[in-house]
Each structure stands twice: as C-alpha cells, then as structure tokens.
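Dear colleague,

I am passing the structure below to you, and my notes on it follow. Please read them alongside the coordinates.

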Amino acid sequence: MRKRLLIAASIAAVASIAPLAGQTKSAIPRLADGHPDLQGTYDLATLTPVERASGSPLVLTDEDARKGEQMAAARKVAGDVQLKGDRPAPPKGGDGSPGPAGNVGGYNSFWIDAGSQFTIVDGRKRASLVIDPPDGRVPQMTPQARQRIARNVRPTSDQTAREEDPGFEGNGAYDDPERRPLGERCLMGFGSTSGPPILPNYFYNNLHQIVQTKDSVLILTEMVHDARVVRMNAEHLPKNVTKWLGDSVGRWEGDTLVVDTTNFSEKTRFRGSSASLHVVERFTRVDAKNLLYRFTIEDSETWTRPWTGEYTWPITSELLYEYACHEGNYAMGNILRGARLKETDDAKKK
Amino acid sequence: MRTRILLSVAGVLAAMAPVVGHHAFGGEFDPNKPVLLKGPVLKVEWVNPHAWIHIEVTEADGSKKEWMVEGGTPNTLLRRGITRESLKPGTVLVIDGYQARDHTLLRANGRNVTYPDGRKLFLGSSGTGAPTDGADPTEAAKPGQRGRGGL
C-alpha cells in the first residue's frame with residue numbers, strides 16, 4: 001500500500017512538472033544530449049478545422065466525433081461509386097460545384113488523401129485547432145488591416161459577368177502571375193502548409209519531416225518542398241533581412257522546442273498578416289508516436305489580439321516524396337491564358 | 001446545443017465536400033464547354049502539381065486527337081502503391097469534364113475518370129494493373145516496408 005502510494009505520488013509529481021499532460025520522461029525518445037528526439041516523418045492530415053462554429057465546445061463528444069468521422073468516410077465511399085460508362089457530358093453552364101471546384105467539378109476523389117479523424121489532444125478529439133481565443137475563432141482583424149487588404153484588391157468591373165460565370169474569380173485575380181497564390185505558382189505550400197504556423201491542407205500531401213542536430217532543426221514540408229532551418233540558441237537576423245518562411249530561432253524550454261519566427265517577407269501573407277507577424281511554435285514529443293504542435297500568432301497590425309492553436313502530429317511510416325512542380329505546371333499557363341481570352345470576349349460583347 | 005454541434009460538424013465536412021485541388025479550376029476550365037472523352041491512354045505525365053493523362057479521342061469524322069486530362073498530385077497515389085506502371089498505354093478510359101478556357105487547347109479537367117464500364121480509375125480489381133484500391137489499411141506500407149506495388 002505504502003509503495004503504491006509512493007508510485008502514485010511520483011507519477012503525479014512528474015505529471016505536474018511536465019510541460020504538457022500525458023508526458024513522462026521515459027515515454028519519449030531522446031538524443032544523446034538528453035533533449036527529446038523530435039525526428040521523424042509526421043502525417044498532419046486531420047478533419048479538425050482551424051476554427052469551429054461559434055458557441056460550440058473545443059472537445060467533441062464521442063458521439064459527435066464518431067458521426068463526423070463516419071460522414072467523412074461516407075463521402076469517400078460516395079466519391080468512389082461506380083458511374084455509367086455511357087454517361088453524357090456534364091451540363092453546359094457548369095455543374096454548380098462551389099468554392100475552388102469553380103463550377104467545373106474539380107477532379108476524382110481518388111487523388112485525395114485528406115484526414116479521416118479529428119485531432120486528438122490529451123486523449124480527446126478536438127473541434128478546432130484554435131484554443132485561444134476560447135471561442136475557437138480567429139480574432140477580428142484591425143481596421144487598418146482591412147484597409148490594407150482592400151487597397152490590394154481591385155474592384156470587380158462587371159458583376160453581371162461574375163454571376164454568369166461564378167467559377168471565375170473577380171478583383172483582377174488573374175491580371176498578373178504574382179497575384180496568384182504561392183501554392184499555385186509552385187513556390188510554397190498552399191494555405192499555410194509550410195508555415196509558420198504549419199497548418200494542415202485538408203486535401204493531400206500532409207507529410208512533414210523533422211531532422212535535428214544540436215545546432216539546428218530542419219522542418220521539411222513535402223508540398224511544395226519547403227525546407228525551414230531553425231537556428232538553435234541564436235539571435236534573429238537584422239530586421240531588414242526578410243525570408244519567405246521567416247527567420248526561425250529555437251531554444252529548449254524543458255522538453256519543449258520553442259521556435260520563434262519573425263522577419264517575414266512581404267510576399268508571405270499568412271491570412272493577410274503584416275511584416276510585423278511574429279509566430280511562436282512549441283513542439284513537444286508527447287510519446288513515442290505523437291508530437292503536440294502549438295502555435296501562437298502575434299501581429300498587432302493585423303489582429304486585435306494574439307491567438308493560439310494546437311494539434312497533434314502523429315508519426316507515420318509512409319515515405320515523404322519529392323515535390324518537383326514547376327516543369328509540369330501546365331495549369332498556371334492555362335489559367336492566365338484563359339483569363340486573357342475571356343477579357344477579349346468580354347470586350348467584344350460591350 | 002447538441003444540434004448546433006452536429007451542425008458545426010456537418011458544416012465542416014460540407015465545406016470540404018467538393019473534391020478540389022489547390023488551384024483555380026474555375027479560372028482554368030470553361031463551364032460552357034463540357035466534354036465527354038473516350039479513348040485509349042497514350043501516356044501519363046506523373047508530375048506535380050497535377051498529373052496529366054493523355055488519351056486519344058476519335059472525332060466524328062474519324063480523325064484522331066490527343067487530349068490532356070488534368071488530375072491531382074501523384075504523391076498520394078505513390079503512397080497507395082500506384083506507380084507509373086499502374087495505368088498502361090492502351091487502357092481505354094471514359095472521362096467527363098470541361099475544356100480549358102482556351103479552346104485551341106485540347107485539355108480538360110478529369111471531373112470523372114472511369115473505365116468503359118463506369119468503375120472509377122484505380123479502384124476495385126480492375127485487371128488493368130491498379131495494384132490496390134486504397135480501402136484496405138493492411139495494404140498500406142508497414143514500418144520498414146513500402147506499400148504493395150511500390151517502387
């Protein structure tokens with residue numbers, strides 16, 4: 001009895017000093033220098049979105065998690081269903097598919113490798129990555145940020161044309177290749193898959209690899225082959241030296257790797273952020289198979305307050321492949337060429 | 001409250017429902033130019049950001065035209081054990097989609113890519129060389145191994 005109490009007390013003591021719940025000294029792999037070994041390939045695919053609906057809790061009930069995961073599985077089955085070999089061409093005027101599918105239907109689900117589960121943190125499934133603000137919503141943008149973003153967007157010239165062709169983006173979106181998203185241009189992962197902060201893409205190619213030495217940590221993002229080198233125990237570069245992935249310096253806080261990133265290039269626009277963007281990431285190996293990734297965003301020129309998200313990165317035995325992209329990027333030329341022809345057609349109609 | 005949570009879950013999934021890639025399908029393809037293409041595979045460009053399947057389509061006048069059909073990233077297929085050997089030239093496909101906005105280009109999105117009997121490409125025991133349907137997790141790579149039909 002005495003012995004059992006002692007064990008319980010010691011477990012409680014370890015748990016209380018551990019930076020994150022569930023972590024014990026013995027459960028995680030370590031390098032010779034005693035620091036946790038974060039190395040490995042991680043699959044970040046998850047059903048958990050960045051934000052959740054207002055008023056809903058962070059933790060999903062077992063029932064809601066099961067239903068959500070069943071819906072995702074059912075959608076995949078529906079995407080695989082056999083069609084008719086003698087089917088007709090799709091409807092003229094578009095198939096009505098929304099969003100990026102652009103009224104033309106995207107492509108088959110067999111290309112997709114999205115998540116099948118909600119992320120699990122502290123043993124519970126989560127409804128959002130955002131944990132702060134507590135409502136799970138990204139904070140409001142500041143008025144100056146809204147003005148800044150509005151200045152970069154040209155007004156839509158012809159709303160009637162937009163209604164006739166809802167898949168076509170307005171606001172001069174195709175005027176210049178540099179107006180196209182970085183992912184579409186094969187420059188960096190789309191959304192914020194390369195980060196920082198590193199977010200899931202909810203479609204495919206969610207693999208990331210960490211390589212670690214005493215002096216630096218490499219974070220490799222498969223798509224679009226983005227390699228970020230974190231310099232350990234170093235000072236930030238001068239403010240005028242900016243980088244596409246920012247300037248990342250790291251330090252250990254107990255068993256957590258803390259990475260501080262500033263000096264973002266203006267070409268990197270994380271959700272409309274400014275040059276003042278400051279990202280702090282916390283990497284904690286919670287056990288042999290999982291890493292908890294937490295990020296805090298500070299940019300007083302863009303958001304009314306800092307915000308924080310977190311999700312679990314499970315280790316995977318799958319291979320991370322090269323993502324050579326430029327030579328085969330016919331889509332980019334097709335998009336710009338199509339826009340020039342549409343402009344010509346629209347001018348003739350006037 | 002419960003209803004709202006369920007709605008939020010449904011909302012999340014509904015938002016993800018369209019099967020799309022990361023680029024402007026609506027800018028690339030013309031919703032007023034639907035196409036149904038049928039013919040044998042000539043070759044496949046297994047490239048990022050999108051694979052392209054070339055097929056030979058016989059026109060009404062008997063002439064043969066080479067069309068290119070856009071797909072997704074090959075990396076996910078590689079991880080499922082599908083390789084450049086999995087879709088052999090000569091395999092007949094039926095593809096519905098929309099032509100590029102530049103009509104001089106014989107290019108379309110592969111909205112649905114099936115075999116002549118309507119089965120989706122790379123699913124089921126097709127007998128065309130597709131090694132795995134991706135539905136059985138035991139077919140995925142195990143530690144230290146590569147997936148069935150891998151490199």
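**The sheet of chain A**

Asp132(A) stands opposite Thr308(A), a residue of β12(A), where helices (H or I, at least four residues) and strands (E, at least two) are DSSP runs numbered from the N terminus. This is a predicted model, in which local features need pLDDT of at least 70 and side-chain atom pairs count only at pLDDT 80 or more, while totals for chains, interfaces and linings use all residues. Residues are numbered from 1 along each chain as its sequence is written, and chains are lettered from A and ligands numbered from 1 in the order in which they are written.

β4(A) and β12 (residues 307–314) of chain A run antiparallel and are joined by two bridges; two strands are taken to pair if DSSP finds at least two bridges between them. Both strands belong to an open sheet of ten strands with mixed pairing, whose order in chain A is β1-β5-β6-β7-β8-β9-β10-β11-β12-β4. Because β1 (40–43) and β4 (130–132) of chain A stand at the edges with a single partner strand each, one side of each has no neighbour in the sheet. On average, and with direction ignored, neighbouring strands of this sheet are turned by 25 degrees against each other (axes are lines fitted to C-alpha atoms, for helices over the stretch in contact, and angles run from 0 to 180 degrees between N-to-C directions).

Elsewhere in the sheet, β8 (residues 247–253) and β9 (residues 256–262) of chain A are paired in the antiparallel sense over seven bridges, and Val249(A) has Asp260(A) in β9(A) as its bridge partner. β8(A) and β9(A) form a hairpin with two residues between them, and Gly254(A) in the turn has a positive phi of about 60 degrees. β9(A) also pairs with β10 (residues 278–287) of chain A, again in the antiparallel sense, over six bridges, with Val258(A) opposite Arg282(A) in β10(A).

Chain B has three helices and six strands, which run α-α-β-β-β-α-β-β-β from the N terminus on, and buried residues make up 48% of its 151 residues.

**Where the chains meet**

Between the chains, 68 residues of chain B are in contact with 77 residues of chain A, contact meaning that the C-beta atoms of two residues, placed from the backbone, lie within 7 Å. On the side of chain B that touches chain A, α1(B) gives the most, with ten residues. The residues of that side divide into 33 nonpolar, 21 polar and 14 charged, where Ala, Val, Leu, Ile, Met, Phe, Trp, Tyr, Cys and Pro count as nonpolar, Asp, Glu, Lys and Arg as charged, and the others, Gly among them, as polar.

With best regards

Technical notes
A residue is buried if 20 or more other C-beta atoms lie within 10 Å of its own, exposed if 12 or fewer, and partly exposed in between; C-beta atoms are placed from the backbone.
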